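Visitor: Hi, I'm new to this one. Could you put it up and walk me through it?

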Amino acid sequence: MNTKSLFCYLAVVYLLTQLSQGCARQEKSIEQEPATNQKAAQQTTALLKFKTVSYVDKHGIGIEAFRVLIPTDWTFDGGIRWVLDNPGMPAVAGFRITSPDGKDEVETFPNQSFFWTTNQMTLQLKPIGSKYFGAEVRSPVGPMDALRKIVLPRFRRGYKDLRIISEQPLPELAQALGAGQSQQGISAGADGASMRVEYPAGQTMREEELYAVVEWFSFPVQSMFGTQTNTMWTVGYIFSFKSDKGKLDEQSKLFQTIVSSFKLNPQWFSRYNQVVEYLIKQQIQQIHNIGELSRIISRTHNEISDMMMETYTNRQNVYDKISENFSRNIRGVDGYYDPVKGETVELPSGYNDGWVNGLGEYILSDNPNYNPNIGSNQNWQRMERK
């Protein structure tokens, strides 16, 4: 990587982590149809249906930002929020995917960006807890401490009698990022971890598993007191999956399907990084209105560089790793070839057949005689298992 590319890369990753990114309950429905020979074969068929949720970044770039598969009767709430006082991370994502009874939920939390320095004069001007160009001033911590000291206090503050059941280091999440290589005076790294907690909710006990990745970039800065080190670090990929106590692992198939299906739009990701680079190049000036943001976005283009595509691919791999690490003793998904999209989709295992239509919807059936085209005005195509 040449010097120009390096500093371009540093600008992009300065306080930037990918948007960030379950438990679910497997519902089975019984279809009752008239007793014809064909339709009778479809009675008592266990079905699992999915739909594609496409989230459009209406208040920012204006195109689809990401899509995710969820069961058809579950709800999606949340999305992307633009934080215009942080030029290194001007947008964060947070959303919930919830079962109809509210017991099972996949949640992703906004990335948390931080700044630290060995320059004591800077720390006097910007003490711990203050903001430095939109990032909170705080000494770096590892992923387990980040879950204990940052994620739980900020996102589970009101949960009484919360107890940590287990903690697990997950270096493979960092490996999926491709982070950690020091280059030309820049030290970079990442590490991941998971944590399982339990807490009372009404008359029941709940279990929740949380994931996070800490990513950092440190570089020397010359000052009147000599060489100091500045560190930009982020707690990202904060996911959680919850269910009633004792039910969390049982929902691994649905959970793995939801998380592994999460796909960023590379076009959105590229233009978002261009916005970040533009803000930094403009002396990291604060932007206070959507109109100005729109003008900045209008200056971006649709070209995706090789470096941007590699960064996108590495960051997308983290969602697959999170999926693989949940209930790691159970591989609860199978790959199916989707002839509509021309790609492989992962869906819960334990079913005989999978079907897809042109609306981004999927059906799994345990009956080899089941055909969703019977009595339907949609064109369902059978998928081959990989």
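Predicted model: local features only at pLDDT ≥ 70, side-chain atom pairs only at ≥ 80, totals over all residues.

Visitor: How many bridges join β1 to β17?

Guide: Four bridges link β1 (residues 47-56) and β17 (residues 362-365), and the two strands run antiparallel. Strands are DSSP runs of E with at least two residues, helices are runs of H or I with at least four, and both are numbered from the N terminus.

Visitor: What is the strand order in the open sheet of eight strands?

Guide: The order is β13-β2-β1-β17-β16-β18-β14-β15, with antiparallel pairing. At the edges are β13 (263-264) and β15 (343-348), each pairing on one side only. Two strands pair if DSSP finds at least two bridges between them.

Visitor: New topic: is A212 buried or exposed?

Guide: A212, in strand β11, counts as buried because its relative accessibility is 0%. Buried means under 20% relative accessible area, exposed over 50%, and partly exposed in between (1.4 Å probe, protein chains only).

Visitor: And what is A212 in contact with?

Guide: Leaving aside neighbours within four places in sequence, the contacts of A212 include P143, L147, V235 and Y237. Contact means heavy atoms within 4.5 Å.

Visitor: P143 and L147, where do those sit, and which residues there are buried?

Guide: Both are in helix α4, where P143, A146, L147, I150, V151 and L152 are buried. Their cover includes β6 (112-117), β9 (163-169), β10 (187-201), β11 and β12.

Visitor: What about the surface, which residues form a nonpolar patch?

Guide: M121, L125, M224 and F225 do, with about 510 Å² of accessible area together. Areas come from the Shrake-Rupley method with a 1.4 Å probe, and for residues only the protein chains shown count as cover. Like charges are joined within 9 Å, and nonpolar side chains (Val, Leu, Ile, Met, Phe, Trp, Tyr) within 5 Å.

Visitor: Where is F225?

Guide: F225 is in the loop between β11 (204-223) and β12 (226-244), and counts as exposed because its relative accessibility is 54%.

Notes
Residues numbered from 1 in each chain as written. Heavy atoms only, no water. Patch = residues over 30% accessible without salt bridge, like charges linked within 9 Å, V, L, I, M, F, W, Y side chains within 5 Å. Salt bridge = Lys/Arg side-chain N within 4 Å of Asp/Glu carboxyl O.
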